[in-house]
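Hi there,

Here is the structure I promised to pass on. Have a look at it first, and my notes follow below.

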Amino acid sequence: MVTNSNNGKKNDMDMETEKARLLSLATDFGFDEDAARLCLHQIVQLYGDDGQEFVTVEHCGDDYLARLADCTQVDEDWDTPIEVDSTSTRAKNDAFENLDQFCESEEEEAETHAFDDLNEAFNKDMDFDVEISADKVPFQWLFPSPATQGKTTKYKDGLITPFCSTSIKPTIQEPSTGGITFDQLQALDDFDLAAIAIFKHKSLRPLQRKACETAMAGKDCFILMPTGGGKSLCYQLPAILSQGVTIVVSPLLSLIQDQVISLVEKFDIPAALINSHQTSSQAASVIQELRKQSPSCKLLYVTPEKIASSDTFWTLLKSLQAKGQLARFVIDEAHCVSQWGHDFRPDYKALGMLKQQFPRIPVMALTATATQDVRKDILKILKIPHAFVLEMGFDRPNLTYEVLLKDPKDSLKQLGQLIMERFSSQSGIIYCLSKNECMDVCNFLNQKCRIKTLYYHAGLGSRARIAVQRKWQRNEVQIICATIAFGMGIDKPDVRFVIHNSMSKAIEGYYQESGRAGRDDLPSTCLILFQKKDFSRIACLLRMGQGRRKDRFKVGMEQARKMQAYCAEKVRCRREMLLEHFGETYNRKLCQKGINPCDNCRKLSNR
Ligand SMILES: Nc1ncnc2c1ncn2[C@@H]1O[C@H](COP(=O)(O)OP(=O)(O)OP(=O)(O)O)[C@@H](O)[C@H]1O
Ligand SMILES: [Mg+2]
């Protein structure tokens with residue numbers, strides 16, 4: 001530390017050196033130089049003569065950046081944590097708590113209008129439209145259609161009931177006509193059968209089998225698998241094979257919708273959701289089902305705030321338990337419980353209550369993005385210290401990692417050209433930091449590049465979000481421009497590229513978001529368009545959220561610094577950097593010699 005012994009005062013030279021260091025800290029992180037000088041002057045005045053020894057990067061660097069972020073004029077519209085928090089919008093009517101109010105609400109109308117504006121804007125230039133009239137939105141997903149529910153359903157390899165309890169073995173009523181013989185089928189156990197017959201997978205991945213066995217043995221377990229590793233099956237399969245209802249806590253509206261739609265529509269598995277955006281009648285029909293002596297629903301998806309705040313929900317859980325119909329609790333994206341994680345959700349903290357209130361009901365926690373500290377935190381907060389831990393490496397060998405410097409003059413043109421030259425007609429996601437950025441990028445791609453694109457952020461109403469997601473999922477649009485409100489857990493197999501138009505706030509977030517690419521195991525690209533200035537935007541964003549709490553801001557800045565270091569790195573293997581972040585040792589030769597080397601390893605090989 002640069003000080004002298006003169007009553008905490010520095011000599012002039014020391015002071016100038018420290019000021020230069022602070023200034024370069026601010027400009028390195030992309031802040032405007034004039035603003036940085038002004039703010040530095042204020043900080044020096046604030047510390048006064050007696051506090052000069054504290055005017056160092058080490059002592060007041062974060063405070064300086066925080067102040068600078070506060071002074072920076074931002075005209076960006078961030079997704080607030082509350083909005084991104086799943087469906088939450090606690091301010092809105094809670095349909096679950098107000099079952100008597102059958103309101104086809106003004107709120108929904110307003111949401112629809114917001115999206116209509118967007119739609120109208122698109123239609124001026126593009127020859128496609130987005131339908132979101134109420135009758136077209138898939139709200140009948142709650143259970144499979146009455147025609148199939150509870151009946152024997154025809155599957156490719158024979159006839160099998162769509163779900164069964166542990167005591168009832170699946171009934172094979174016809175010899176197989178597909179690639180698997182009747183004898184082979186008979187040799188399979190419940191897990192294989194369900195995986196093949198219901199989910200149409202050829203086999204279970206090794207860790208999936210272990211996870212299913214552990215869950216069926218009634219143990220608490222903690223599953224760490226890479227993005228796209230197949231975590232969902234680890235709880236969906238036991239849910240189908242167990243008696244009663246499995247409660248799945250999941251953080252994002254998009255994720256819940258994706259899962260429930262897929263379970264019900266693709267696999268005929270009775271699944272339901274409860275969230276604050278449902279109308280009272282929709283919530284009532286789910287609750288009515290769950291109040292039955294033996295509910296047919298196998299998986300109930302809920303948002304964390306439901307667990308944190310709804311007495312009605314707790315009563316429902318207790319009655320399910322009393323009937324022997326509460327199978328297990330699943331905490332998907334469990335890293336959200338830890339405030340040291342990149343995606344902390346305050347409501348996730350209340351999930352420890354589940355084990356406290358229902359000590360005999362097993363808990364399964366799953367995540368793809370937890371550092372060693374976050375892992376410890378998860379077990380502690382969920383009160384499952386002795387959970388069986390199942391873990392596999394986080395590497396995604398089919399993904400190529402790359403960083404390009406953003407063109408300061410015309411970054412939109414650069415982005416458009418990049419997509420047209422390298423990802424023409426391929427499905428992709430472009431991540432943006434703010435709502436405005438999402439809309440600007442989306443409009444540019446539609447209007448100037450004729451690339452069918454829709455945007456998704458927490459400001460859209462639930463119906464609009466569903467409509468956008470569906471259009472993209474069905475390849476009716478090529479690209480979705482999104483904030484982090486979209487992403488976690490989303491499973492579209494053929495996403496060939498994920499471009500970050502602004503860097504993520506943290507490495508974990510980046511791994512999570514880029515993990516939407518290549519879930520069909522085919523080569524795919526994860527690319528960041530980087531400029532220093534994005535760090536200063538993140539600092540502003542952090543200050544907007546919980547960043548005014550000093551500890552949160554410090555953690556946020558630390559995470560953003562690591563992200564920036566990843567982007568600025570010109571030599572080290574990017575894959576190695578990502579995996580190292582999660583405590584994994586990785587030999588970069590694997591990247592260099594693999595079929596999808598990162599940009600830095602490619603450069604090394606080309607020398
Ligand atoms: N045993 C299997 N065989 C073949 N494909 C599988 C198998 N298990 C899962 N999959 C497929 O892998 C893809 C990813 O699965 P899933 O969405 O469960 O990943 P995840 O681990 O939850 O990832 P994320 O962390 O991103 O949420 C899905 O398309 C799923 O159908
Ligand atoms: Mg998942």
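**Around the ligand**

A nitrogen atom of ligand 1 has a polar side-chain atom of arginine 205 at 3.3 Å; a polar contact here is a pair of N or O atoms within 3.5 Å, and within protein one atom must be able to donate a hydrogen and the other to accept it, with residues adjacent in sequence counting only if both atoms are side-chain atoms. Histidine 201 also places a polar side-chain atom 3.4 Å from a nitrogen atom of ligand 1. For lysine 231, an N or O atom of the side chain is 2.7 Å from an oxygen atom of the ligand. On its own, ligand 1 exposes 640 Å², and 84% of that is buried by the protein (Shrake-Rupley areas with a 1.4 Å probe; for residues, only the protein chains shown count as cover). There are 18 residues around ligand 1, and Gly228, Lys231, Ser232, Asp491 and Arg519 come nearest (near means a heavy atom within 4 Å).

Before you read on, please note that this is a predicted model, in which local features need pLDDT of at least 70 and side-chain atom pairs pLDDT 80 or more, while totals for chains, interfaces and linings use all residues. Residues are numbered from 1 along each chain as written, chains are lettered from A and ligands numbered from 1 in written order, and side-chain values use heavy atoms, without hydrogens and water.

**Aromatic rings**

The structure holds eleven aromatic pairs (Phe, Tyr and Trp rings, the six-membered one for Trp, with centres within 6.5 Å; planes under 30 degrees apart are stacked, over 60 edge-to-face, the rest tilted). One of them, phenylalanine 29 with phenylalanine 535, is stacked, at 3.8 Å centre to centre and 20 degrees between the planes. Phenylalanine 29 lies in the loop between helices H1 (12-28) and H2 (33-47) and phenylalanine 535 in helix H20 (residues 533-544), so the pair ties together parts 506 residues apart in sequence (helices are DSSP runs of H or I, at least four residues, and strands are E runs of at least two, numbered from the N terminus). Phenylalanine 29 is buried at 9% relative accessible area, and phenylalanine 535 is buried at 1% (buried is under 20%, exposed over 50%, partly exposed in between; 1.4 Å probe, protein chains only).

**A strand pair**

Five of the seven residues of strand E10 (residues 399-405) are buried. Strand E10 runs parallel to strand E15 (residues 524-530), with seven bridges joining them (pairing takes at least two DSSP bridges). Leucine 399 stands opposite serine 524 in E15.

Best wishes
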